[in-house]
Amino acid sequence: MSAILKPKSKLIVCDGNEAAAWAVSLADVDMVAVYPITPQSSLVEYLAKFIADGRLGAEIVDVEGEHSVLSVLQGACLAGARTYTASCGPGLAFMFEPYLRTPGLRLPLVMTIVTRDTLTPQSVWGGHQDAMSVREVGWVQMYCESVQEVLDTTIMAYRIAEHRDVMLPVNICHDGNYLSFGAARCELPDQGEVRDFLGAKDVNWHVALDPQRPMAVDPLTGGAGGPGPSTFVRYRKGQCSGMQNSLEVISEVHEDWGRRFGRYHAPLIESYRMEGADYAMITIGSMTGAAKDAVDEARARGEKVGLLKVKTYRPFPAQALADALAQVKAAGVVDRSVSFGWNCGPLFQDVIAAMYYAPRRIPAMSFIGGLAGADLTISHFERVIGRIKELARDGHAAETVWLNEKD
Amino acid sequence: MGAAYETIHFKAEACDGCNDCMSACAQAKTQTDEHLHSRIQIVPSGEGFELAICRQCGDPQCVLTCPAAALSKNAGSGVVDWDRTKCVNCLLCTVGCAYGGIAYDSVSSRVIKCDMCDGAPACVKACTTGALKHVTTARIYNEAGNLEDLFAPGLSGCQGCNTELIMRHALRRIGPDVVVATPPGCIPGMGSVGYNGLTGTKVPVFHPLLTNTASMLAGVRRQYKRSGRDVLAVALAGDGGTADVGFQSLSGAAERGEEMLYICVDNEGYMNTGMQRSGCTPYGAWTSTTPVGERAHGKTQDAKNLPLLMVMHNCAYVATASTAFMEDLYDKLDRAIQAAKTGFAYLHIYSPCTTGWRFASDQNIEVARKAVETNFVLLWEFNPEDGLQFTHPVENARPIDEYLEVLGKYRHLDRDQVAHIERSLAHNLARIRGFVAARGAASAAAGRS
């Protein structure tokens with residue numbers, strides 16, 4: 001991160017929820033639909049205040065539930081609006097029906113998931129289970145590590161979503177509690193420069209509800225024996241192509257952001273001290289800060305450990321990950337959620353699937369921690385590093401390790 | 001298109017034989033009180049009266065029999081015009097007319113007939129008993145006949161589908177500057193959004209989810225309003241998606257006063273998916289999920305009164321309508337379209353389903369009419385200013401059996417079930433009358449203050 005403030009930038013101290021609201025203001029959004037839920041609520045309160053103060057020219061629609069949140073935004077987007085919302089946990093579950101439909105409509109909605117563990121057991125605390133549960137739906141998902149990254153990524157999300165080779169909705173995931181309420185230094189870029197960076201809004205060139213260019217949106221397709229299934233397949237393949245195209249677009253956009261604003265965030269996977277690493281720890285989200293500290297301490301002791309942070313989780317940067325792991329003898333993945341049925345973390349599953357592309361088999365283990373708001377500290381990551389080191393030595397992967405089980 | 005077919009309707013039981021109508025006609029046409037000059041003749045018949053007047057027939061026999069082309073059907077007004085300069089006084093027309101509508105006038109020695117007084121008949125104005133009524137059923141035809149049907153021919157509805165009728169009439173009236181939401185159900189089922197990239201709808205149309213029609217439309221409308229364009233947002237939705245799974249988004253949008261016209265086409269169940277029960281299915285009705293067997297005899301609960309629930313949201317406009325009363329329906333469409341420019345307008349249109357309710361496909365309008373005439377369906381409208389009022393009150397309702405017996409879905413009903421339906425209808429009528437009375441009391445109170 002640059003220590004020197006850009007001339008037109010402003011420096012504030014804020015939490016991740018406020019940072020996201022600032023990003024929405026800077027991105028010149030037209031329509032915001034909201035429904036409050038912990039730990040997202042302060043984010044939409046900031047938005048309401050920014051709009052009330054005239055700082056953000058968007059219209060805010062206080063709807064009666066998350067299902068309508070996405071529905072209002074889909075309608076607005078089809079009429080040409082740049083849109084935003086945020087939700088999490090049970091709210092995300094309730095909006096699942098329109099959520100499921102958004103990528104197929106190729107609508108470039110941008111939505112923050114202030115991640116929260118899912119019910120039940122009852123919990124209002126952070127965890128990635130909500131966002132991970134919707135990972136296969138077709139939204140681009142990017143996970144942030146810091147308050148600044150929340151702000152920068154939220155703005156970048158619009159350029160990624162609205163890129164003509166992508167045209168897909170984007171989730172920016174930031175950790176409930178740790179990023180939502182953790183305050184930090186944050187640079188606010190200049191509105192004009194953000195406008196130049198994002199370019200003109202162009203959200204419904206491909207699908208619109210507009211009497212000036214009438215079309216039927218989303219007619220029935222399918223049905224054996226006719227042209228239906230092949231039409232359906234073309235739509236599905238197109239959606240997959242948009243997803244894959246986004247890998248390159250995400251990289252380009254991050255690069256351009258760095259050039260313009262001086263902050264270069266790793267777009268897909270961040271390699272941290274991987275030079276000559278014998279083994280690697282793989283993290284996602286805000287836990288990465290403590291994990292990097294643990295890596296620093298281990299390196300100071302002479303351990304050859306490195307870290308890979310997954311920023312873009314959907315589409316999964318499989319090749320980049322396989323390349324980054326090519327030289328290591330073992331890998332451990334720390335998840336903040338669970339994949340039921342596999343008894344491991346979902347990121348772990350993706351990592352081992354990606355490692356199929358590696359030239360040789362790399363032993364790997366799954367670690368699960370930070371559920372329901374539990375803190376993942378340097379000492380937890382020291383345990384992880386110690387266990388991966390063993391794995392690198394003997395190649396015997398143990399069952400999933402639950403980091404906070406006996407805290 | 002464009003020919004009007006208006007006429008003067010005679011309610012014989014209301015006529016007291018005062019002959020004011022004949023005086024008015026004689027005055028209007030000859031400036032005398034001589035009833036012989038009147039084009040309208042009230043004729044004693046038994047204990048009552050009959051009417052002799054030109055019906056302005058759609059297929060006038062007098063025009064056919066006239067050898068001099070002195071009689072013609074006016075394509076613009078629909079009146080059968082008599083041209084005195086061409087008439088050869090042969091009187092064949094008086095023989096051809098079965099209604100005594102054209103007659104010989106011994107004073108002028110010419111035939112005389114009603115010319116509808118340029119659309120404002122003097123006889124109707126003079127009638128104080130309500131026996132005469134100027135019926136302009138063709139007003140809709142005149143006003144809407146030339147409007148473009150915004151659905152292409154060939155929608156794949158069931159034969160005799162009433163919902164298709166509603167779709168076509170509504171969109172004709174609404175016009176092209178619109179975005180139309182048609183959630184899953186019969187309406188997209190018959191092709192409103194189309195299949196595999198082809199559509200028969202000429203305006204922007206989409207499938208919302210079954211659950212989010214009102215909220216998706218709210219987003220569309222708000223964005224156009226924001227960008228300074230007046231685009232009407234219209235829903236054509238079934239009762240299931242409206243009353244059941246879509247009710248939350250409907251209620252939210254109504255509470256927020258989202259600007260749209262939400263038309264609920266109520267065919268009392270999920271007819272498109274195979275006739276399952278909805279919250280709008282009436283008590284006793286057979287559906288595929290409230291079947292009739294040894295232990296079960298149709299639905300065991302009354303229908304949800306959805307339009308009344310919308311009144312409770314204090315919408316800008318709420319009305320019930322029926323395709324058997326098209327003038328009423330068109331009037332309500334007009335008011336709803338207007339209301340939808342500034343608030344939430346809700347129109348609940350009853351739509352008998354030939355397939356799901358089990359009746360012959362040529363009886364749709366008859367069924368719809370019977371529903372109103374038995375007070376099974378009440379026609380009313382509401383706005384916050386004027387409250388709730390009947391638009392077609394039925395004082396002497398026909399027995400409910402006349403409605404129930406034409407529908408296969410009620411064929412199994414026993415006496416207790418019919419009694420339940422009668423009680424429910426009475427309660428419903430009393431409830432709505434209560435609202436109408438409250439309105440009267442409220443305006444009286446407002447008048448005093």
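Reader: Why is Glu259(B) called buried?

Author: In this predicted model, Glu259(B) has a relative accessibility of 13%, and because buried means under 20%, Glu259(B) counts as buried.

Reader: What makes Glu259(B) and Lys225(B) a salt bridge?

Author: The closest N and O atoms of Glu259(B) and Lys225(B) are 2.7 Å apart, and since the rule asks for a side-chain nitrogen within 4 Å of a carboxyl oxygen, the pair qualifies as a salt bridge.

Reader: Which residue forms a salt bridge with Lys292(A), and where do the two partners lie?

Author: The partner is Glu145(A), with the closest N and O atoms 3.1 Å apart, which is within the 4 Å limit. Lys292(A) sits in helix α10 (residues 288–300) of chain A and Glu145(A) in the loop between β6 (140–143) and α7 of chain A, so that the pair links distant parts of the chain, 147 residues apart. Lys292(A) has a relative accessible area of 12% and Glu145(A) one of 17%; with the cut-off at under 20%, Lys292(A) is therefore buried, and Glu145(A) counts as buried. Both belong to a network of salt bridges that also links Glu149(A), Glu270(A), Lys309(A) and Lys311(A).

Reader: Why are Arg387(A) and Glu390(A) said to be separated by about one helical turn?

Author: Arg387(A) and Glu390(A) are 3 residues apart in helix α13 (residues 378–394) of chain A, which means that about one helical turn separates them. They form a salt bridge whose closest N and O atoms are 3.5 Å apart. Arg387(A), at 18% relative accessibility, counts as buried, while Glu390(A), at 33%, is partly exposed, because that label covers values between 20% and 50%.

Reader: How do you know that Cys14(A) is in no disulfide?

Author: The nearest cysteine sulfur to that of Cys14(A) belongs to Cys186(A) and is 4.2 Å away, whereas a disulfide needs two sulfur atoms within 2.5 Å. Cys280(B) is likewise in no disulfide, its nearest cysteine sulfur, that of Cys264(B), being 5.8 Å away. Over all chains the structure holds 0 disulfides. Cys14(A) is buried, with a relative accessible area of 2%, and for Cys280(B), which is buried too, the value is 2%.

Reader: What makes the pair of Phe197(A) and Phe261(A) edge-to-face?

Author: The ring centres of Phe197(A) and Phe261(A) are 6.1 Å apart and the planes stand at 75°; because centres within 6.5 Å make a pair and planes over 60 degrees apart make it edge-to-face, the label follows. This pair joins helix α8 (residues 191–198) of chain A, which holds Phe197(A), to helix α9 (residues 228–261) of chain A, which holds Phe261(A). Both Phe197(A) and Phe261(A) are buried. In chain B, the rings of Trp357(B) and Phe359(B) have centres 6.5 Å apart and planes at 65°, so this pair is edge-to-face as well.

Reader: Why is Arg164(A) said to lie over the face of Trp205(A)?

Author: Arg164(A) is 4.0 Å from the ring centre of Trp205(A) and lies over its face; the distance part of the rule asks for a value within 6 Å. The charged end of Arg369(B) sits over the ring of Phe325(B) at 5.2 Å from its centre.

Terms used:
Residues are numbered from 1 along each chain as its sequence is written. Chains are lettered from A and ligands numbered from 1 in the order in which they are written. This is a predicted model: local features need pLDDT of at least 70, side-chain atom pairs count only at pLDDT 80 or more; totals for chains, interfaces and linings use all residues. Side-chain values use heavy atoms; hydrogens and water are left out. Rings of Phe, Tyr and Trp (its six-membered ring) pair if their centres lie within 6.5 Å; planes under 30 degrees apart count as stacked, over 60 as edge-to-face and the rest as tilted. Helices (H or I, at least four residues) and strands (E, at least two) are DSSP runs, numbered from the N terminus. Buried means under 20% relative accessible area, exposed over 50%, partly exposed in between (1.4 Å probe, protein chains only). A charge sits over a ring if NZ of Lys or CZ of Arg is within 6 Å of the ring centre and within 35 degrees of the ring normal.
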